[in-house]
Amino acid sequence: MSAAVFAAMLVVLLLAVPLVALTWRALESGALGRAARSALAVQALQLSLLTSLASLALALICGTPLAYGLARLRFPGRGLVEALIEVPVVLPPAVAGIALLMAFGRRGLVGAPLADWGISLAFTPWAVVLAQCFVAVPFYVRAARTGFAGVDRDLEGAARVDGASALAVFWHVTAPLAFPSLLAGSVLCWARALGEFGATIMFAGSFRGRTQTMPLAIYAALETDLGVSLALSMLLVIISVATLVLVRVVVQRWEPQAVTNDTRS
Amino acid sequence: MKIVRRTALMCMPLGIAACGTGGSTPTVDVRPVIGASPAATPEPKELVVLAASSLTDAFNEMADDFPRRPEAAGLRLILSFGASTQLRIQLEQGAPADIYESADDAQMQLAVRAGLMQGTPTVFARNRLVVVLPKENRAGLTTLSDLGKPGIKLVATVRDVPVGNYTYQTLAKMAADPQYGAGFDQKVLANVVSEEANVRQIVTKVQLGEADAGFVYASEISPRITPDVKTIEIPERLQAAAEHVIGVTRTARAPVTAPRFIDYVHSPAGQTILKRHGFITLA
């Protein structure tokens, strides 16, 4: 029994000690102020927010129909698509980086024809967004698919009988009922995009204000100013934890009132 | 690093007899004990070497050759490569290493001033810069002046990384040269699209055709990459004095045997390997 408790404690310590150590060293280094004023940190934070939100927007716009289709429709190749959205979740980021280079690099399958048209993605913020989408969108699609699959189809049917259009049903019935899953998926997707490192550094390179996101800035600062690196790391920890707490609160309080109002009035 | 530590851990429960051939007490403290001859302290049979990424091929070859030499007495090398800046910071953070090799003296001096080294580190090879281009040369670069044309995609490192340090020095010399003119360095730097972690990453980005050009060591242009790249030579008057420096760390676990590898790097056998990999040897 005590062995089991000890084993369990090991896991808790393994997760807690690095975070405590990081925070402690970041505070002790006295670099928080220096980091807040450094152009490296400010530009990286701006770029990270911009690109990760762009990736999330793309996930919502393109991933929502895909998730809905996977949850509701039978079509040829559906199993293949389901498998495909699992791959980036387990794929090592370095592999994602090389794969993106082979596809969208200047000698890549898609990149070479694009380069002939004078379009080059590498070393641009677009490359960052592409890398983030590749690794992060599946997180949203998986969660959204599960959410849509859990919505009672009789409710949707009733709304249709009452004369609501397909889009209205989705907007007022399906989406609100699936909201906790959609939110959880969005947050996971965004957090994954925010933390993207391997594919970005290989495919997009690292340049201040253009492709150097927070994780890349942490890596770059490690070579010049450990304190700034620690401060940036701590900031990412705070953002991550704050996001998790926020999602938990929102999901717990969420009442799909839209459904009650719209379908019964 | 892991192997060294694991050996030490395994020794403890098994007892002294299982540990060293010498049968003397294994000690965690590797600093020479006053009164005891250093040879009495059993040293690990591995040397952990932190070396600049430009040394990857040469030191890997030495890792095969060195253990076969009589002076090595079966000592094996465990190599870890990276930007000299990154490795120095790893040392500062307590990475267990016996030897630190830096691609410039600036990083080595920082390590010396931080008390991370023992003895005096020595220069064992020199290098020079070339500009590397992808074979297809989409940007149509033929001379060094072309590097200042707007829209060229250059990859570099930050200034602290040795190859970046030398690149900035060369660019400063170009800006002072009437052939290129004042402000030429700024024109070139404006074309930098990515600051890579080390010189190897610059080579890779150019080899892949992603970047149009990059300043790298001449020793990087190995037979392995020549099918994919071209080079533009940099004249002697614009070269920075690139030198590779090596020394034993203060925290070396094998302070007695570590200098043997440094002697080997300076020896004709070591210098031959360096020369074959494109380094400028001292002899």
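Helices here are DSSP runs of H or I with at least four residues, strands are E runs of at least two, and both are numbered from the N terminus. The model is predicted: local features need pLDDT of at least 70 and side-chain atom pairs count only at pLDDT 80 or more, whereas totals for chains, interfaces and linings use all residues. Residues are numbered from 1 along each chain as its sequence is written, and chains are lettered from A and ligands numbered from 1 in the order in which they are written.

Helix 4 of chain B spans residues 105-113, and Gln107(B), Met108(B) and Ala111(B) are buried in this helix. A residue is buried if 20 or more other C-beta atoms, placed from the backbone, lie within 10 Å of its own, exposed if 12 or fewer do, and partly exposed in between. An α-helix has 3.6 residues a turn, so residues three or four places apart point the same way. The packing partners of the buried residues of helix 4 in chain B are helix 3 (84-92), helix 5 (162-175), strand 3 (99-102), strand 4 (117-127) and strand 10 (242-249).

Chain A contains 14 helices and 0 strands. Its C-alpha atoms fill a box of roughly 65 × 60 × 40 Å along the principal axes, and 39% of its 265 residues are buried. Of the contacts in chain A with a separation of 6 or more, 78% join residues 24 or more positions apart; a contact requires C-beta atoms, placed from the backbone, within 7 Å.

Between the chains, 16 residues of chain B are in contact with 15 residues of chain A. On the chain B side, helix 3 and strand 7 (192-196) each give two or more residues, and the largest share, 4 residues, comes from strand 7 of chain B.

The largest nonpolar core has 143 residues. Such a core is a set of buried Ala, Val, Leu, Ile, Met, Phe, Trp, Tyr and Cys residues joined through C-beta atoms within 7 Å. Its largest share, 16 residues, comes from helix 7 (residues 125-149) of chain A. Ala131(A), Ala217(A), Ile99(B), Leu154(B) and Val216(B) have the most contacts inside this core. Residues up to four places away in sequence aside, Leu154(B) touches residues including Leu147(B), Val188(B), Val192(B) and Ala213(B).

Conventions:
Contact = placed C-beta atoms within 7 Å.
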